[in-house]
Amino acid sequence: MAATSKQLVPTPDISVNLVRARAGETFKLGTITIRIMEDGSNTHDRLGTAEFTIPPHTSGPPMHWHEMHDETFLVLSGRMRFHVKDGNVINCDSGDYVTVPVRAPHTFSNPFDEECRFLNTFTPAYYINYFKLLSQLTEAGKPMDREANAKAMAYFATIGVLDSDI
């Protein structure tokens, strides 16, 4: 007796999303360029993704931790430095991958002599809106304003770390 196969679950009618190499919403955060690859609109806000380009000798945001989302960082080119709890640093080269779970104090910088590019993911995707808000509070091409950064972080369950706790 030949078995007949039957699809038990109907095949969904959902399309994939492609962001071409030069596409995506792009804006400046000070001297840092951000290109939004996925803002959550294609993932029911489960995943957000952005590409960052950081010039040489550029500081990142103040040390902080996230109450509501995880992050990952994949270094695409150049080098970057992560600053973590207790004053420790992690230098990363192209191809290195860093996971930052909820509540892990961190920040990043590019203290090196070459530009750095990295892919940054957020779960859930809502944190993409932090960067959009911050771009409205800062001036493109000028160093980041710590006060504006702290103000934007407060809207997205991100807590600054006191200098005495670093």
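The model is predicted: local features need pLDDT of at least 70 and side-chain atom pairs count only at pLDDT 80 or more, while totals for chains, interfaces and linings use all residues. Residues are numbered from 1 along each chain as its sequence is written, and side-chain values use heavy atoms, without hydrogens and water.

**Overall architecture**
- The chain holds two helices and 12 strands, taken as DSSP runs (helices H or I, at least four residues; strands E, at least two) and numbered from the N terminus.
- Read from the N terminus, the elements follow β-β-β-β-β-β-β-β-β-β-β-α-α-β.
- The C-alpha trace spans about 75 × 35 × 30 Å along its principal axes.

**The six-stranded sheet**
- Six strands form an open sheet in the order β1-β2-β3-β11-β6-β9, with antiparallel pairing; two strands pair if DSSP finds at least two bridges between them.
- β1 (25-29) and β9 (97-100) are the edge strands, each pairing on one side only.
- Strands β3 (residues 48-54) and β11 (residues 116-123) are antiparallel and share seven bridges.
- Isoleucine 54 has cysteine 116 of β11 as its bridge partner.
- Helix α1 (residues 128-137) packs on the sheet and touches β1, β2 (32-38), β3 and β11, where contact means heavy atoms within 4.5 Å.

**Burial and contacts**
- Of the 166 residues, 36% count as buried, that is, under 20% relative accessible area with a 1.4 Å probe, protein chains only.
- Among contacts with a separation of 6 or more, 67% join residues 24 or more positions apart.

Terms used. Axes fitted to C-alpha atoms, helices over the stretch in contact; angles between N-to-C directions. Buried < 20%, exposed > 50% of the residue type's maximum accessible area, 1.4 Å probe, protein only.
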